Every structure is written in structure tokens, then in C-alpha cells.
Amino acid sequence: MPRCVLEEVDDIAILKFTRSEKLNAFDFDSWREFSSNVDEASNYKGLIITGEGRAFSSGDDINAMYKFEDYAESKSFFKTLFDVLQKLMHYPHPIIAAVNGLAAGGGAEILLTLDYVVSVKDAWFWFPEARIGLYPPILTSLGVYVFGIKNVKKLAINMPRLTSEEALNLGLVDMIIEDKNKLTEIAVNKVRELNRVPTVSYTSMRKVLASIVLPHLKQSLDTLAETAVEEEAKRSMELFIKSRKK
């Protein structure tokens, strides 16, 4: 079964995460499919990213990371992740997130790379990586530019669960809607609005911003690849997995 699918509305691509039985968690195949779909979406006039079921995405699949046999496997996983983020940050048209439910870990962090975030009211947001011996790599790199170091530390270490209103006040979310059924419609209209900006402006702006943040993001992911195979992280992931089975 595909981990994500690409649909079209009025020459706008809608990338939907479809691993709903796993709360749209990202394993290796998910990141590969995500990457190829972003490539295909470059032929459209904009991109909307959303999820199927009750989650936007719960982030990286802990079971998949726990199974890393060595650093080489871990590094390959996070390199694929970086490639996706790099493509998003160079995408030549507007990118909107349509958050349909919970967004945790990497699922919340991806929002930092996008242009505009529309969220349903009952969604919630969380950066819980530290509890399994890891840390949020996008939050601790790109997020510093958005929230500042002090707020990043609070989000990464205290791990508060944010309501949509709290995420809006923080700047992670740009719009909250009451009617879930209008989520895609509102996202499509926002893409049309942002498309008033010439493509050359997007291309140039993204080139400059990417040159600033991508080196920090790469360093953060490289360090996380090392951390993910540390003994303490492995133990923490194992305990978490066992706790979910009880």
C-alpha cells in the first residue's frame, strides 16, 4: 500500500499521507514516496500537504528507527529525510499544510518548512522526541529562526502538547478553521492567493532562505543519525515500544 498519494484540484497538487493505521508515521518508504511525490508536484501551480484519518502525521516511525542496525543505515534514513526537506525549501510555488489532526515529532516539524499552515480547531501539536533519547532536528535548527532559542528549548525539553490556538499564538499555525469539511477548499484558495506572487520571486526567495538554514538543518540531522544508534537512545526507544504494547 502507498504511504502517500498525489491528487489534483485545479492544477494544484494535494499530497496526502495515507498510512493512517500508523497515524501517518514516516518509515523509510514513506520518505522515499514523499520525495518522489514532491518531484511530481513541481509540475503543478502549488502544493497542499495533508493527512488521512485522525492524524496529519505522528512523525518518524519509532519502530523503524529502533531497527537501525548501524550508523550507515541511520545516516541513509536521515539523508532521505533531508532530501525531502531540501526539495520543499526549493519548491517554486506556494506550499500549504492542511492539518487535519494531530501533528507530532517530524509531522509538526515539517510545518516549519512550509509557507502557510491551515489547521482544524481540534488538532494538536507536539515535539516529543527527547523522551525516547532523541531530539527534534528541524525544530532545533530551522525552528530557532522562527521561535528563538529559548522557546525551542521549552518545546524540545518540556515537550508541551500545544492546542491549535497555542500553535497559532506561537507562529507554528497561521489559520484555524471550525469546519473540517472546508479544510481542502480553504487551502486551495490560499494557494491561489499566494500564486499572485510571480514564480521568480518564490524561486529567488527560497534560494536565499535555503542557503541560510539548510547547512544548520543538515548538521542537526547528521547529529541525530549518530544519536539514533546510541545505546541509551536504543534503550529508550525499546521501552517506549514495549509500553505501547501493554
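Helix 3 and helix 9 pack at an angle of about 165 degrees, and their axes lie 10 Å apart. That angle makes helix 3 roughly antiparallel to helix 9, since angles over 145 degrees count as roughly antiparallel and angles under 35 as roughly parallel. The model is predicted: local features need pLDDT of at least 70 and side-chain atom pairs count only at pLDDT 80 or more, while totals for chains, interfaces and linings use all residues. Residues are numbered from 1 along each chain as its sequence is written, and side-chain values use heavy atoms, with hydrogens and water left out.

- Helices (H or I, at least four residues) and strands (E, at least two) are DSSP runs, numbered from the N terminus.
- Axes are lines fitted to C-alpha atoms, for helices over the stretch in contact, and angles run from 0 to 180 degrees between N-to-C directions.
- The crossing of helix 3 and helix 9 is right-handed; a crossing has this hand if the near helix is turned clockwise from the far one by less than a right angle, and is left-handed if anticlockwise.
- Contact (heavy atoms within 4.5 Å) involves residues of helix 3 including Tyr71, Phe78, Leu81 and Leu85, and residues of helix 9 including Arg206, Val213, Leu217 and Leu221.
- This contact of helix 3 with helix 9 comprises 14 nonpolar, 2 polar and 4 charged residues.
- In this classification, Ala, Val, Leu, Ile, Met, Phe, Trp, Tyr, Cys and Pro count as nonpolar, Asp, Glu, Lys and Arg as charged, and the others, Gly among them, as polar.

**Helix 1 with helix 3**

- Helix 1 (residues 28-41) packs with helix 3 (residues 71-89) at an angle of about 25 degrees, the axes being 9 Å apart.
- Helix 1 and helix 3 are therefore roughly parallel to each other, and their crossing is left-handed.
- Among the residues that make the contact are Phe28, Trp31 and Phe34 of helix 1 and Phe77, Leu81 and Val84 of helix 3.
- The contact of helix 1 with helix 3 contains 8 nonpolar, 3 polar and 4 charged residues.

**Pockets**

- On a 1 Å grid over the protein atoms alone, a cavity is a set of points where a 1.4 Å probe fits but cannot get out, and a pocket is an open set with protein on both sides within 12 Å along at least five of seven lines; lining residues have an atom within 4 Å of a point.
- Grid points are joined across faces, edges and corners, and a volume is the space filled by probe spheres set on the points.
- The largest pocket has a volume of about 760 Å³, and of its 35 lining residues the closest to the centre are Ser58, Asp60, Ile62, Phe240 and Arg244.
- Helix 10 contributes the most to the lining of the largest pocket, with 4 residues, and the lining as a whole has 19 nonpolar, 5 polar and 11 charged residues.
- The second largest pocket, of about 360 Å³, has 19 lining residues, with Leu112, Thr113, Leu114, Leu142 and Val146 nearest its centre.
- Helix 9 gives the most to the lining of the second largest pocket, with 5 residues, and this lining has 14 nonpolar, 2 polar and 3 charged residues.

**Cavity**

- The structure holds 1 cavity of 30 Å³ or more, and the largest cavity has a volume of about 40 Å³.
- Residues that line the largest cavity include Arg3, Cys4, Phe17 and Phe34.
- The lining of the largest cavity has 5 nonpolar, 2 polar and 2 charged residues.

How values were computed. Angles under 35 degrees count as roughly parallel, over 145 as roughly antiparallel, 65 to 115 as roughly perpendicular and the rest as oblique.
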